[in-house]
Amino acid sequence: MSDAIEAHLRETRRVSPPADFVQHARITDRSLHDEADADFTGFWHRRALEQISWYHEPTQSLDDSNAPFYRWFADGTLNLTYNCLDRHVDGGGGKKIAYTWIGEPGDERVITYAELLADVERAASALKAHGVGKGDRVAIYLGMVPELPIAMLACARIGAIHSVIFGGFAANALADRIQDATCRLVITGDGAWRRGSIIPLKDIVDEAVADCPSVEHVLVVKRTEQDVAWHDHDTWWHDAMAAAEPRCAPEVMNAEDVLFMLYTSGTTAKPKGIVHTSGGYLLGAMLSHQWIFDIQGNDVFWCTADCGWVTGHTYVVYGPLANHTTSIIYEGTPEHPTWERHWEIVHKHKVSIYYTAPTAIRALIKAGEAAVEKYDVSSLRLLGTVGEPINPEAWVWYHEHVGGGRCPIVDTWWQTETGSTVLSPLPGLSTTKPGSAIGPLPGMKPVIVDEQGNEVAIGGGGYLTLQRPWPSMLRTIWGDDQRYIDTYWSQYGPTVYFTGDGARTDADGDIWLLGRVDDVINVAGHRISTTEIESSLVGHPAVAEAAATGADDPIKGEMIAAFVILRDGNEPTEELRKDLSAHVAADIGKFARPGLLLFAPDLPKTRSGKIMRRLLKNIAEGKELGDATTLRDPSILLAIKEDADRQLGR
Ligand code: PRX
């Protein structure tokens, strides 16, 4: 689609909330926004008392005495699993379905709230029996099986800190994360189904834990019947569950005790363990889930994200469960066994709210509307997107072909760091526009600033900052308070949170995200730093130097483009290209494999030696080179471009 048509769609598609939606929408006017703007700490405190079942109700709201190490509800005590499970079961809601889980091969498991509580209690007892206690770190490396949320909740029950690591990461990346958090126990599986084949999770864990002296036990969920090697520290999950005490009382946790850490990519090669605490995180997860999805008692909610990412934490586990919602979990990816799978599930399970990533929507478009038209998806009443900017063409297709023109679309902007959604349209209130996240949820204060930190006028663009602390914000980076300050609270002053994203407002003041402004690439909604790719590439014996950048990709949004300078004595062959790609996949994970790998005679650097990735991006995309005046040696750029064009046959 041409830029002009995209621009036209953006300008002309205004979708008002459907009239019948307003009748059951949770937020139909601005009063919550007004209440929060008048007194945001009081606003959050009142919500915390309303929403959360506390053992000891907090008397404090925000403590900003040691900013940016903010604390929320710091004298309150609670347990997340009590809020997600016990209180519903005790209140007579135990028979409600918590999860309908659908396996990739087609098997299904329906789990009620009472059953989920029973499993979580047993799993919590099993963790205790393996020496895990409050504050200990547990790594979870699984596919999307029911044991994944059960393991997360079992940790939360006893106050252990979970660190879920996406099942697509390779052994090195897994080992780095386990070591950084000094995890005592790892929960994995014999394998995970992915696109009809098996990811050998246990083999990968075996390789990783060989370098992780902190790991005392590995619990292994049987899922694929794959043969696995066995070590003294291994125990089958089902044996541990069978041997465990059936009951396990929830640990009384302080609101500021750590609930979980989740690694994400920053601008250096070392991933950051983003730390979230208990009370504030739960409040953000619950309220945002209610507000943006207009959750009602009979909804069937499907967030397609993997629990290896923050979206799965907040909108597969904590938000929906705390709100006593019925959710779908599908083990596989949307294209397996066919591109019809999602629509078949929506039809069969009468899904009412469907929340996915733009990259999935673009792939589903490619598969054609016949796949969705074959099924009755009229149960849908609301659609959502997350993870990357959505292009207007994909938005319009989603609205028309999946939403039948009647379902509002919530384009939710947030980050691992924010814990829950920050910007989103509100169904029933907002007029939506294809590609705009519209504006803040109640209590949030986004401000778009220029290079100097001054707010830009309506209609202008710049850097997205958040200028008011919020309960579900990250508290620090695991083991690295200084990096927390440097990364998020230094660019524009000590109380201004820098998101790393560019954004602009339109004439109505609605917000449009423009992608990352730092060295982070967003590939199919997965965050990867350019330096992570580069340090992996230079780890290969044939590579002298490497530079990675994002480049436009019609399905993934962005792909990784890598430029490699070879060491003397190596030839730029097709075989070496494949070898280098495979090297990155084996080092980080398949999702980090460069989409484009070019051999370069040199790299464009500024006089201070910084690689100009922006120029490399232009080369990868076949665009005009752009301003190269700050380069140490501008002629290099032409040489790289000529070489790249030759390799790409341009
Ligand atoms: O660049 C933004 C993009 O994803 C980044 C956060 O990635 P992660 O921490 O992995 O969390 C993803 C899921 C919450 C952001 O800095 N991003 C996320 N949502 C959107 C988005 N970009 C545009 N529009 C969105 N709705």
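Strand S22 (residues 461-466) and strand S24 (residues 497-505) pair in the antiparallel sense over five bridges. Two strands are said to pair if DSSP finds at least two bridges between them, and the strands themselves (E, at least two residues), like the helices (H or I, at least four), are DSSP runs numbered from the N terminus. The model is a predicted one, in which local features need pLDDT of at least 70 and side-chain atom pairs count only at pLDDT 80 or more, while totals for chains, interfaces and linings use all residues. Residues are numbered from 1 along each chain as its sequence is written, and side-chain values use heavy atoms, with hydrogens and water left out.

S24 and S25 form a hairpin with five residues between them, and Gly509 in the turn has a positive phi of about 90°. The strands belong to an open sheet of four, in the order S21-S22-S24-S25, with antiparallel pairing. At the edges lie strand S21 (446-449) and strand S25 (511-516), each of which pairs on one side only. From one strand to the next, the twist averages 45°. S24 is mostly covered, with eight of its nine residues buried; buried means under 20% relative accessible area, exposed means over 50%, and partly exposed lies in between (1.4 Å probe, protein chains only).

Another covered strand is S19 (residues 382-386), where five of its five residues are buried. Leu382, Gly384 and Val386 point one way from S19, Leu383 and Thr385 point the other way, and all are buried. S19 has parallel partners: four bridges join strand S18 (residues 353-356) to S19, and four bridges join S19 to strand S20 (residues 409-412), again running parallel. Leu383 can be followed through both pairings, as the bridge partner of Tyr354 and as the residue opposite Ile409 in S20.

Helix H3 (residues 31-38) and helix H4 (residues 40-51) pack at an angle of about 120°, with their axes 5 Å apart. That angle makes H3 oblique to H4. Axes here are lines fitted to C-alpha atoms, for helices over the stretch in contact, and angles run from 0 to 180 degrees between N-to-C directions. Angles under 35 degrees count as roughly parallel, over 145 as roughly antiparallel, 65 to 115 as roughly perpendicular and the rest as oblique. Leu32, Glu35, Ala36 and Ala38 of H3 make the contact with Phe40, Phe43, Arg46 and Arg47 of H4, where contact means heavy atoms within 4.5 Å. The residues of this contact of H3 with H4 comprise five nonpolar, no polar and three charged. In this grouping Ala, Val, Leu, Ile, Met, Phe, Trp, Tyr, Cys and Pro count as nonpolar, Asp, Glu, Lys and Arg as charged, and the others, Gly among them, as polar.

Helix H7 (residues 147-158) and helix H12 (residues 310-322) pack at an angle of about 60°, with their axes 11 Å apart. H7 and H12 are therefore oblique to each other. Their crossing is right-handed; a crossing has this hand if the near helix is turned clockwise from the far one by less than a right angle, and is left-handed if anticlockwise. Pro149, Met152, Leu153 and Ala156 of H7 meet His313, Val317, Tyr318 and Leu321 of H12. The contact of H7 with H12 divides into seven nonpolar residues, one polar and no charged.

Some backbone details in the loops complete the picture. A cis peptide bond, with omega about 5°, joins Ala67 and Pro68, and Pro68 lies in the loop between strand S1 (62-63) and strand S2 (71-72). Another cis peptide bond joins His336 and Pro337, with omega about 0°; Pro337 is found in the loop between strand S17 (326-330) and helix H13 (341-349). Phe73 has a positive phi of about 55° although it is not a glycine. Phe73 sits in the loop between S2 and strand S3 (77-78), and counts as buried at 0% relative accessibility. His324, also a residue other than glycine, has a positive phi near 55° and is found in the loop between H12 and S17.
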